[in-house]
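Please keep the model in view as you read.

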Amino acid sequence: MTTLDHHPARLRRSVLCVPADNSRALAKVRQLAADAVIFDLEDAVAPEHKGEAREALVRHLSKNRPDGEVVIRVNALGSGFGQMDLTAALAASPDAILLPKVESPADIQVAVDWLAENDAPESLRLWAMIETPRGLLNVAAIAETGRTFGGRLDCFVVGLNDLRKETRVPAHAGRTYLVPWLMQVLLTARSSGLDAIDAVFNDFRDADGFEAECRQGRDMGYDGKMLIHPAQIGPANEHFGVDQAAVDEAHAIIAAFDLPENADKGVINLHGRMVERLHLDQALKLAAKADMIEKRKAKP
């Protein structure tokens, strides 16, 4: 894992959500090729089962940790379940904790303070669900908390199901009236160096519709997609992956700037095209992503 600014560079093409109290689903996770797994203690678990779900998740992750990034979605800290969820999450040692329905920077700060008071490792990151009108209106201020080294915020996940419910925007194919909001989240994420994960596609039997939405999310600039079924992992990995021609071009840009005669240049001529150092930064990130994908493929 490498670091760009203070955010860890991770593969997040496919982010599978798994209910923490579903033993059959938990047992299959290690065999799946998802880049990240969200173990859900929130919406997917009924209130009367949350205690046993916490215990089951801690036991499971102590012996069956997947290769990809481990994320635990907790209940809101003011729900009556949140602090118990955070305690269980620390015991399970995830890579990140996903906070639901984040609506202001204060929601991030409360979690940051709790983690600091409970001696959470500095490497533990926070993800934020943006899924309410108020959260969307405040998303720029929320993203700003990711600029500080102690802020922990690393990634936005868009929750369109809740956002549709509260705004009464229908679930039309193509997400016509939702695209401006999706782009708003993406723009604010990038302003603070955060990753952004596109929302779930609810009908896992509609493979064509899912792939179309993956292409749309990729073209909008999202890093990956939140998934509800293992069948969605392969297409998400493909569509949010890297194009070999783009990787080859990235390596050519890196090699050109590595030449001694270009060491102090801000702009160079590469095969008749003007290439700036901002293109070098993009090339380095793309090459790093391609390298991470190859390493994932090499794992048995």
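Contact here means heavy atoms within 4.5 Å. With neighbours within four places in sequence left aside, Ile72 is in contact with Phe39, Leu41, Leu57, Leu61, Ala89, Ala92, Pro94, Ala96, Ile97 and Leu98. Before going on, a word on the source: this is a predicted model, in which local features need pLDDT of at least 70 and side-chain atom pairs count only at pLDDT 80 or more, while totals for chains, interfaces and linings use all residues. Residues are numbered from 1 along each chain as its sequence is written, and side-chain values use heavy atoms, with hydrogens and water left out.

In soluble globular proteins, nonpolar side chains tend to be buried together. A nonpolar core is a set of buried Ala, Val, Leu, Ile, Met, Phe, Trp, Tyr and Cys residues joined through side-chain atoms within 4.5 Å, where buried means under 20% relative accessible area, exposed over 50%, and partly exposed in between (1.4 Å probe, protein chains only). The largest such core has 59 residues, and those with the most contacts inside it are Phe39, Ile72, Ile97, Ile108, Phe156 and Tyr222. Helix H4 (residues 105-117) gives the most to this core, with 5 residues; helices (H or I, at least four residues) and strands (E, at least two) are DSSP runs, numbered from the N terminus. A second, separate core has 14 residues, among them Val15, Leu98, Ile197 and Met226.

Now turn to Arg13, in the loop between strand E2 (7-9) and strand E3 (14-19). Is Arg13 buried or exposed? Arg13 counts as buried because its relative accessibility is 7%. Its side chain is joined to that of Asp35 by a polar contact of 2.7 Å. Such a contact is a pair of N or O atoms within 3.5 Å; within protein, one must be able to donate a hydrogen and the other to accept it, and residues adjacent in sequence count only if both atoms are side-chain atoms. Not counting residues up to four places away in sequence, Arg13 touches residues including Asp35, Asp223, Phe240 and Lys289.

On a 1 Å grid over the protein atoms alone, a cavity is a set of points where a 1.4 Å probe fits but cannot get out, and a pocket is an open set with protein on both sides within 12 Å along at least five of seven lines; lining residues have an atom within 4 Å of a point. Grid points are joined across faces, edges and corners, and a volume is the space filled by probe spheres set on the points. The largest pocket holds about 970 Å³. Of its 36 lining residues, Arg190, Asp223, Lys285, Leu286 and Lys289 are the closest to its centre. Helix H12 (277-298) gives the most to this lining, with 8 residues.

The second largest pocket has about 510 Å³ of space, and of the 27 residues that line it, Cys17, Val18, Pro19, Ile228 and His229 are the closest to its centre. Strand E3 supplies the largest share of that lining, 4 residues.
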